[in-house]
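Visitor: I'm new to this kind of thing. Could you walk me through it with a few questions and answers?

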Protein chains: 2
Amino acid sequence: MSLKTYLPILDWGRRYDRQTLTSDLVAAVIVTIMLIPQSLAYALLAGLPPEVGLYASVLPLIAYAVFGTSTALAVGPVAVVSLMTAAAVGRVAATGTADYASAAIMLALLSGVMLALMGLFRLGFVANFLSHPVISGFITASGIIIATSQIGGLLGISTQGHAMPHLVMSIVENIGGINPWTLAVGAVALALLLWIRIDLKNWLKRFGVPKGPANIIVRAGPVLVVFLTMAASALLDLGGKGVALVGQVPQGLPMLSLPSFNLDTIQALALPALIISIVGFVESISVAQTLAAKRRERIDPNQELIGLGASNIAAAVGGGYPVTGGFARSVVNFDAGAATPAAGAFTAIGIAGATLLLTPFLAILPKATLAATIVIAVLTLVDFGILKRAWDYSKADFAAVAITLAGTLLLGVEVGISLGVGASILVFLYRSSQPHAAIVGLVPGTEHYRNVKRHKVETVPGVLSIRIDESLYFANARYLEDLVYNHVAANPAVKDVVLMCSAVNAIDMSALESLEAIQHRLTDLGVRLHLSEVKGPVMDRLEGTEFLAGLAGRVYLSQHQAMQTIVSGRVSTPSLVEAEGRAPAGLE
Amino acid sequence: MSLKTYLPILDWGRRYDRQTLTSDLVAAVIVTIMLIPQSLAYALLAGLPPEVGLYASVLPLIAYAVFGTSTALAVGPVAVVSLMTAAAVGRVAATGTADYASAAIMLALLSGVMLALMGLFRLGFVANFLSHPVISGFITASGIIIATSQIGGLLGISTQGHAMPHLVMSIVENIGGINPWTLAVGAVALALLLWIRIDLKNWLKRFGVPKGPANIIVRAGPVLVVFLTMAASALLDLGGKGVALVGQVPQGLPMLSLPSFNLDTIQALALPALIISIVGFVESISVAQTLAAKRRERIDPNQELIGLGASNIAAAVGGGYPVTGGFARSVVNFDAGAATPAAGAFTAIGIAGATLLLTPFLAILPKATLAATIVIAVLTLVDFGILKRAWDYSKADFAAVAITLAGTLLLGVEVGISLGVGASILVFLYRSSQPHAAIVGLVPGTEHYRNVKRHKVETVPGVLSIRIDESLYFANARYLEDLVYNHVAANPAVKDVVLMCSAVNAIDMSALESLEAIQHRLTDLGVRLHLSEVKGPVMDRLEGTEFLAGLAGRVYLSQHQAMQTIVSGRVSTPSLVEAEGRAPAGLE
């Protein structure tokens, strides 16, 4: 572990030249243009003043440039983490209060410290327990909740709640208070953003605009909509007609500071901070790894934890809220040619400049424009196809998706994702507690043994070869006892049992007890127990145990060796006979 | 599922004859004599009046005789469940109150209903999650707590608490109040019981008493000590000297009744009832299976759940408290020749008779005698050897024992066992998230492939064969990606990668995504991915996936076939070379 491991900037910084600078600057300009409306909108989604989104897009990007390992990852406020922030902070403070803003800062600090500690202690593997189905179900549900939560902003009514039942109820209750001007602004903004996303590129192409500038214009589209609706707001005095505007915003960047420490708040935010950290990390690392693979680069997950941790601590110090790597903007950054994490630092400078220039004009920006921006951005998150794909592949994975999706929609983000993780672990444990097992025979012409029910194989009368397809541990130890005992009891002719252990990756103490019990019972019945294909690490553990010392049979390197030795050791060598393709009940 | 499955009595009842009757009657007499002092003592341990122990030894035994499958299991109050009852009921009511007794009855009812439901829904596998190390640590800790809790009874001082810190503190606080007469009774009873257990048999042998009657006398020893101390109590007026006596006890058996339903109590007792049910079931089924195996009988775990459930419901109806199969008394029952569950029903009749006859005399029985009975009985539970055995076998199993032992001693029975179960599941998940993997080569002269680091094997340049020793699922999916990618990146000469899947028992959706990612990356690098020895159930699932459709290589039945085909398919066939016995870093 050299300093270079913890400060990747020392590595790529040495090789920085004019060409990388140009690439990074171009990428930074495009990402800055894209990030401005998103930052404002996501802050609003998090229940915070819009300028907080800009604050969260400055220091965190610089921190990531110093500590991060991805050349393409664009860090900042993202939709799902903003929703999770709203849900967590909403429990300790009321929206719009100073307590709310400082709780959001505390959430960023806690999340940053947790991420950094996980990185330092190399605990990145914890994120692996968020399975793909759980993440997919969660992201889809979050997208639906976020889109629904913006209906209020588009219609000019107030809504509450961070899960569907509460949200839908509050929309229904307040539906009478629709403001037609807000509805008009929202509808126009939505239509324009949709048109920009779907059709603008083709349209520009038809007018002969080259691909490069066309791409930049499309990315800048949302900023144009922001300017357009600001102009409309000023010309038509939309504020006077009841359209909610962003209102006065402090100019410039906030002073660096730390949140006030309040033990109750910290306690209430600790668990949400952990969940936000892990979800943010998983999202971020997936994007980073996908993009890195395209360029044959490597991402160090534990250093990424440190990078994201530093970003969130920086977010807290700079008056922001939790951030992570965003999918869409990282892809844009990558496509635009970002060559090093410095592109992020340049983006930060761009956002800082925009913050100084833009804030005076933000007062007249209709909030409906930001709501429309969010709706368009999160539509890509919703993917109901995962339900069908999971159903087709495995019912267990489908259950994990469905539980996470329904749990998140109905009970909220934290409960939903926790239910999903719990369900996927339970399913895994349940499956491994009832392992698949097969009676095996020799594939003719080879030394390979396979399931008698699936392959045309040869078996030897009086020798029962069972391949058990799972590590032997407490949850299936008793199952194993029953399995062997039932087979031997059903075949009185059996004199030798070979346990083929090619799929047994571990034997814990409970399973060792069960093996001893099996050994005793088989000895009582006059049957010898043998093992074959025991792996090195498993054999190391069995050495010196009473079980191995008391084994009536032997341990063979391969199943074929076991069969040859057992057969040749008999007085009358039975000939190989073809299996009937059937196994006793209970085995597949 | 016939009626016979749910009512095993219909099966053995048909074959019942004079000889089984004699065997059962003899066993019942011996078990009755043994059960009387234990029932009284364990009820006291549970914080209940001693006669409740007798009530719990009547109806539950009859219910088990109807629904149970073990011919030897003797059901009734046991030490560990009594301690757990005291801990659970002590939280909702004060000892000695009517609420306390009715909460204990409710606990039995809840536990009975839970057990019966688990049996009906065939959920017996849940018990498998109590691993052997957890059970061992828990029983040892319970034995220590129970023995310590009886110190008060032996010294004539009052103590509180169901975990060591509280218990020891209360002993220290009250140590000044020792009653010398109680101490004398306690010491004499302890000494007598120890002598009976250790030496009486040899002593009787020396006097020429045949083995059969000698055994019965030894079993009856504790009853003799009860009578002796009752006589001493009457002659010396021990009650007047401050020795705690059992006191007036209602004569006869209680009316059949159900506890009053109180939702708060039910809520508070639900989780303890579940833990008691599972612990009781695991203890009971272990004894039943051990004894059944000696007679080549079968135990049906799910029907055992129904049997124990019926017993506990009967305990509730008959004014008792939670019961389960006891180890020592089942062994006695077995040794004495019990041939059918009817032996239990005869024991119940014996206890009912004793209850009617004994209760008038119990008033003068010193409680210290019962405390001594408990101490002697639970000494056999304490087994510190498990710590050493677990340490020698595996540090993970040792951790499970140590956490359960320390947790139970310090934090109580429920927290202790929950910590143990949680720890053993976490260790299992952690291990399977970082699986063992090996680069494999051909064992010369065979078709068998083993780890290049452990065996002298042959490999082919340009072909990397990796055996991954774990099912592929969400927790290790990303690990797999890194593993393959790192190996290929470290060996630029590699043109073919064979994933040997003999130990892969399942591939979930997350792992499928990772396989697709590996596939894409290898294709980018110009490397073909092959699979070998994929098991039937895994292959079934992979059929029709994009991964299989996009595979650059092939799926081979055996690793040997894969190597032969890949080598022969090349323009210039490389010769087999001997592996240097080293693998790239990260593999063992």
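**Salt bridges and paired chains**

Guide: Let's start with a pair on one helix: R14(A) and D11(A) are 3 residues apart in helix α2 (residues 9–14) of chain A, so about one helical turn separates them. Keep in mind that this is a predicted model.

Visitor: How far apart are the closest N and O atoms of R14(A) and D11(A)?

Guide: A salt bridge needs a side-chain nitrogen of Lys or Arg within 4 Å of a carboxyl oxygen of Asp or Glu. R14(A) and D11(A) do form one, and together with R15(A) they are linked in a network of salt bridges. For R14(A) and D11(A), the closest N and O atoms are 3.5 Å apart.

Visitor: Is D11(A) exposed or partly exposed?

Guide: Exposed means over 50% relative accessible area and buried means under 20%, with partly exposed in between. R14(A), at 64%, counts as exposed. D11(A) has 24%, so that makes it partly exposed.

Visitor: Which residue of chain A forms a salt bridge with R454(B)?

Guide: R454(B) sits in the loop between β4 (449–451) and β5 (458–459) of chain B, and its partner is in helix α24 (residues 536–542) of chain A, so the pair joins two chains. Their closest N and O atoms are 2.7 Å apart. The partner is D540(A).

Visitor: What kind of axis relates chain B to chain A?

Guide: Chain B can be laid on chain A with an RMSD of 0.1 Å, using a turn of 179° and a shift of 0.1 Å along the axis. That's the relation of a two-fold axis.

Definitions and conventions. Residues numbered from 1 in each chain as written. Chains lettered and ligands numbered in written order. Predicted model: local features only at pLDDT ≥ 70, side-chain atom pairs only at ≥ 80, totals over all residues. Heavy atoms only, no water. Least-squares fit on C-alpha atoms with pLDDT ≥ 70 in both. Helix = DSSP H or I, 4+ residues; strand = E, 2+ residues; numbered from the N terminus. Buried < 20%, exposed > 50% of the residue type's maximum accessible area, 1.4 Å probe, protein only.
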